[in-house]
Amino acid sequence: MTTVSDAVAQVRERIARATQEAGRSDRVQLLLAVKTVDAARIRAALATGERLIGHNRAQELRAVEPELTDIEHECHFIGHLQSNKVNQVMAWAHCVQSVASERLAQRLDRAAEARGRDLDVLVQVNVSGEESKAGVAPEDAVGLAKQVAALAHLRLRGFMTIGANTPDERRVRAGYESLAGIRDAVVTSGSPGTEDATELSMGMSGDLEVAIGAGATMVRVGTGVFGARPQP
């Protein structure tokens with residue numbers, strides 16, 4: 001039976017191999033996607049030396065994070081964030097990866113100001129155009145990124161997307177490459193606060209190699225480490 005630590009090592013090997021095959025010398029970060037995962041298994045994964053975890057649900061973040069205060073880690077929020085859950089997330093999250101509207105960005109900015117802190121954010125882009133996926137449309141992403149970067153208490157760190165739900169690898173890669181193009185356009189735009197927006201959070205358990213080939217700097221892996229999620 002594969003342990004959590006064994007699974008993390010296997011995913012790390014996949015990342016290293018994909019990075020090498022892409023001819024890259026930089027290090028791709030692994031974010032542990034912990035939707036439905038209990039604190040004990042998260043702790044087992046963090047015990048391997050990984051430090052990034054991502055929550056999809058505000059209520060799970062609120063329940064689990066108090067049990068992890070004694071172990072060093074960085075908490076990201078990667079799911080759809082409702083306005084009435086912003087304060088719950090702000091209490092724990094270092095970064096919100098799912099900013100897809102100016103309204104949410106402004107709400108986060110006000111919440112950060114109230115807490116006397118700054119918040120890292122990524123703009124989520126729907127590169128596949130699938131209605132089931134959240135995110136700003138690609139043609140609107142540069143404009144939104146500039147608006148987010150101008151807010152006083154948000155630090156724009158880059159972009160996030162979920163790949164197309166298709167076995168067509170070329171289509172998946174095209175979506176990821178389009179996000180890399182958006183990132184490059186924003187970083188070189190000269191707009192205030194955009195110069196450090198280099199992060200590309202894209203690729204999950206099933207397609208991380210494709211994402212790394214297209215330039216991902218962070219991959220979000222859940223089932224590849226923790227196994228299949230329980231069915232509702």
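Visitor: How many salt bridges does a search of the whole structure find?

Guide: The search finds 13 salt bridges. This is a predicted model, in which local features need pLDDT of at least 70 and side-chain atom pairs count only at pLDDT 80 or more, while totals for chains, interfaces and linings use all residues. Residues are numbered from 1 along each chain as its sequence is written, and side-chain values use heavy atoms, with hydrogens and water left out.

Visitor: What makes the contact of E130 with K133 a salt bridge?

Guide: A salt bridge requires a side-chain nitrogen of Lys or Arg within 4 Å of a carboxyl oxygen of Asp or Glu. The closest N and O atoms of E130 and K133 are 2.3 Å apart, and the pair therefore qualifies.

Visitor: Why is E130 called buried?

Guide: Buried means under 20% relative accessible area, exposed over 50%, and partly exposed in between (1.4 Å probe, protein chains only). E130 has 13% relative accessibility, so E130 counts as buried.

Visitor: Are D184 and R183, which meet in a salt bridge, buried or partly exposed?

Guide: Their side chains meet at 2.7 Å, N to O. D184 is partly exposed because its relative accessible area is 39%, whereas R183, at 15%, is buried.

Visitor: Which residues are linked in a network of salt bridges?

Guide: The network links D118, D120, R155 and R157.

Visitor: What makes a space a pocket, and what is the volume of the largest pocket?

Guide: On a 1 Å grid over the protein atoms alone, a pocket is an open set of points where a 1.4 Å probe fits, with protein on both sides within 12 Å along at least five of seven lines. The largest pocket has a volume of about 590 Å³, a volume being the space filled by probe spheres set on the points.

Visitor: Which residues line the largest pocket?

Guide: Lining residues have an atom within 4 Å of a point. There are 29 of them, of which K35, N56, I78, G79 and I162 lie nearest the centre of the pocket.
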